[in-house]
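Subject: Structure handover

Hello,

Here is the structure I promised to pass on. Please open it and keep it beside this email while you read.

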Amino acid sequence: MGSQDAPGEPVRNGVPGPTINQLLVRFLEHRCRGRKPVTIDRYLRIDVHLRLYLESRGPDRLCPDDAHLLAAERQFQPFGAFCRIMYADALLAALPDFLGIDWLMPQRLDCTVQISQSSRLVHWLVRGRVVDFRRQQHDLVRFRAALDALPRSRPC
């Protein structure tokens with residue numbers, strides 16, 4: 001993995017790594033590199049859908065301190081607050097529910113790519129050591145369970 005492909009630096013010495021927004025931009029750039037325009041369009045639709053999901057459902061998984069911080073940020077600038085101020089741990093905690101039936105995209109191909117991109121995003125975060133594998137093992141297990149819960153024959 002080249003330095004351009006790396007998601008970012010993990011938390012070190014109490015300083016958090018890149019925000020969710022920064023991570024998603026880097027991931028999207030990495031995934032779109034060398035792709036056809038139709039594929040890039042699909043990845044962009046999924047990114048918009050993921051961000052909508054994160055803004056509406058991501059806070060459900062926050063600890064009380066982070067929830068208060070998010071509420072304060074939303075008082076000043078509500079649009080995109082979750083992705084703007086939260087970090088990789090909150091992204092990983094929220095991702096399993098993005099594969100729930102209520103959030104799977106309606107078009108079959110979009111849905112299939114949503115599942116695949118979500119899995120690639122988790123792998124990218126872990127491989128880039130942006131998330132602490134041990135500390136977030138529960139979230140990784142939840143994500144794997146969400147993948148396994150999808151019907152094998154036709155999840156979408």
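Which residues in H2 meet which residues in H5? On the H2 side they are Ile46, His49, Leu50, Tyr53 and Leu54. Their partners in H5 are Leu91, Ala94, Leu95, Asp97 and Phe98. Before you go further, note that this is a predicted model.

**How H2 and H5 cross**

The axes of H2 and H5 are 10 Å apart, and the two helices pack at an angle of about 110°. H2 is therefore roughly perpendicular to H5, as angles from 65 to 115 degrees count as such.

**The aromatic residues**

There are 3 aromatic pairs in the model. Take tyrosine 53 and tryptophan 103. Their ring centres are 5.1 Å apart. The ring planes stand at 75°, so this pair is edge-to-face. The cut-off for that label is over 60 degrees.

Now find the two residues along the chain. Tyrosine 53 is in helix H2, which covers residues 37-57. Tryptophan 103 is in the loop between helix H5 (88-98) and helix H6 (108-127). They are 50 residues apart, so to speak, and the pair links distant parts of the chain. Both tyrosine 53 and tryptophan 103 are buried.

Is histidine 49 buried or exposed? Its relative accessible area is 16%, so histidine 49 is buried. Leaving out residues up to four places away in sequence, histidine 49 touches Phe98, Trp103, Met105 and Gln114.

**Salt bridges**

How many salt bridges does the structure hold? The count is 11. Here are some to look at.

Start with glutamate 55 and arginine 74. The closest N and O atoms of this salt bridge are 3.5 Å apart. Glutamate 55 sits in helix H2 and arginine 74 in helix H3 (residues 64-76). The two are 19 residues apart, and the pair links distant parts of the chain. Glutamate 55 is buried, with a relative accessible area of 17%. Arginine 74 has 27%, so this residue is partly exposed.

Next, look at arginine 84 and glutamate 73. Their side chains meet in a salt bridge of 2.9 Å, N to O. Arginine 84 is in helix H4 (residues 81-85), while glutamate 73 is in helix H3. The pair therefore ties together parts that are 11 residues apart in sequence. Arginine 84 is partly exposed, at 27% relative accessible area.

Then go to helix H7. Arginine 142 and aspartate 139 both lie there, 3 residues apart, or about one turn of the helix. They form a salt bridge, with 3.4 Å between the closest N and O atoms. Arginine 142 counts as buried at 15% relative accessibility. Aspartate 139 counts as buried too, at 13%. This pair is part of a network of salt bridges that links Arg61, Asp97, Asp139 and Arg142.

**Arginine 31**

Arginine 31 is in helix H1, residues 20-32. With a relative accessible area of 11%, arginine 31 is buried. What does the side chain of arginine 31 join in a polar contact? The partner is the side chain of tyrosine 43, at 3.2 Å. Setting aside neighbours within four places in sequence, arginine 31 is in contact with Tyr43, Gln117 and Arg120.

**The loop between H6 and H7**

Two residues here deserve a look. One is arginine 129, found in the loop between H6 and H7. At 65% relative accessibility, arginine 129 counts as exposed. Its phi is near 60°, a positive value in a residue other than glycine. Most residues other than glycine have a negative phi.

The other is valine 130, in the loop between H6 and helix H7 (137-149). Valine 130 counts as buried, at 9% relative accessibility. Where does glycine 17 lie relative to valine 130? In sequence the two are 113 residues apart, yet in space they are 7.2 Å apart, C-alpha to C-alpha.

Best wishes

Notes:
Residues numbered from 1 in each chain as written. Predicted model: local features only at pLDDT ≥ 70, side-chain atom pairs only at ≥ 80, totals over all residues. Heavy atoms only, no water. Phe/Tyr/Trp six-rings, centres within 6.5 Å; stacked < 30°, edge-to-face > 60°. Helix = DSSP H or I, 4+ residues; strand = E, 2+ residues; numbered from the N terminus. Buried < 20%, exposed > 50% of the residue type's maximum accessible area, 1.4 Å probe, protein only. Polar contact = N/O pair within 3.5 Å; in protein donor to acceptor, adjacent residues only side chain to side chain. Contact = heavy atoms within 4.5 Å. Salt bridge = Lys/Arg side-chain N within 4 Å of Asp/Glu carboxyl O. Axes fitted to C-alpha atoms, helices over the stretch in contact; angles between N-to-C directions. Parallel < 35°, antiparallel > 145°, perpendicular 65-115°, else oblique.
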